[in-house]
Amino acid sequence: MMTILSDQPGLSADSIIDANWLRRFRQRLRNWYRKHARSLPWRSDADPYRVWISEVMLQQTQVSTVIDYYQRFLQRFPDLNTLAAAEEQEVLRLWEGLGYYRRARQLHQAAIQIVKEHDGLFPSDRTSLLALPGIGRYTAGAILSIAFGQREPILEANTIRLLSRLLLLREETTRSDSQRQLWELAEVLLPRTSIGLFNQALMELGSLVCTPQNPACHECPVQEICPTHQHGLQEVIPVMAPKRAVTAIREAAVIIQDQSRVLLRRCSPQERWAGLWDFPRFEIRHQRGQALARELHENVFQLTGLQVSTSGCLQVIKHSVTRYRITLSCYQGQLVSPSTAEDELADSAEWVPLSDLQDYPLSVSGRKMCQCLLD
Ligand code: SF4
């Protein structure tokens, strides 16, 4: 029988699980998944490349958002070799709007590495997978179990929540001891066969039923054997690390047009939009007058090498990135000496014909500015 020690911070997998509990859990989960699994494009084919793309896209992104991106991406890059041969800029353009662009850059780098080091064959062992950019224990586990049927556990946002509740885990899930217990349980739960399906069923239950707020325990196939439900602690578990305070910042972007072209610059690896293109953009301290004009002029010069004067604010865009709430004011810039437009230009900057803007990967706010410009 399952033992519940409610005054303990958590239960080790050994203390809650016996053969009977395990059998019931697996059976109920499988039956539920058979009836309730969503039909998703990446579930029709367990090819490792496709599993990999979907798992990376699904990190920190909702299924409903990923579907279109996944289909477009697969249409353009149907296999590893096509992806490896592409320009990073095109990969980022297809990723535009999905956020966390580092994922796309690492996906591309990993594809190149697989072609170089594994003759284009997707590695099927954990060590080789973990040596690839952007592949951690979770992604490796998903690829190995779903595409290769290996007995590898997975742990991502949905399963962390589900397993924390099965463990009655009262410590923050990010603590190393919590992580150890969660991985241990993820491994113990695995059946002998159909590992990939089982892992997907765990994620699906976490995503559809064992939700962060108001989990649908009344519809849950494991309700009777769930200690968190028995103790009514669904709103307390999982214990999340406190959210970092939101910081409000003010930024400016300057749209510099020269006849039918506009100035963009490629963001360096240290910048927020690394690898993407953007209008000259920077944080500002002043809000108006000469002080603001000077600040805009100095920053544009530093980023592009060009002397620019600015006129009124064209548009204000409010958006959030990680813990920053950003108010972005967009200004129109005019070259002080148009004849220096080419000579003084910084290496990272480029004059882009308006008709080519569609080909350049931009952030969501950058794309809004483009739209404003084209309108
Ligand atoms: S019974 Fe409720 S808390 Fe327990 S696993 Fe199911 S949905 Fe989650």
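The model is predicted, so local features need pLDDT of at least 70 and side-chain atom pairs count only at pLDDT 80 or more, while totals for chains, interfaces and linings use all residues. Residues are numbered from 1 along each chain as its sequence is written, and side-chain values use heavy atoms, without hydrogens and water.

**Exercise 1.** Determine how helices H6 and H7 are oriented to each other.

*Solution.* 
Step 1. Helices are DSSP runs of H or I with at least four residues, numbered from the N terminus; H6 covers residues 88-95 and H7 residues 102-117.
Step 2. Their axes, lines fitted to C-alpha atoms over the stretch in contact, come within 9 Å and cross at roughly 140 degrees. The angle is taken between N-to-C directions, from 0 to 180 degrees.
Step 3. Angles under 35 degrees count as roughly parallel, over 145 as roughly antiparallel, 65 to 115 as roughly perpendicular and the rest as oblique; H6 and H7 are therefore oblique.

**Exercise 2.** Identify the residues that form the contact of H6 with H7.

*Solution.* 
Step 1. Contact means heavy atoms within 4.5 Å.
Step 2. H6 contributes Glu88, Val91, Leu92 and Trp95, and H7 contributes Arg103, Ala104, Arg105, Leu107, His108 and Gln109.

**Exercise 3.** Describe the length and burial of H7.

*Solution.* 
Step 1. The 16 residues of H7 reach 22 Å from first to last C-alpha, close to the 22 Å expected at 1.5 Å a residue (1.5 Å times one less than the number of residues).
Step 2. Buried residues (under 20% relative accessible area, 1.4 Å probe, protein chains only) of H7 include Arg103, Leu107 and Ile114.
Step 3. Their cover includes helices H3, H4, H5 and H6.

Methods
Helices (H or I, at least four residues) and strands (E, at least two) are DSSP runs, numbered from the N terminus. Buried means under 20% relative accessible area, exposed over 50%, partly exposed in between (1.4 Å probe, protein chains only).
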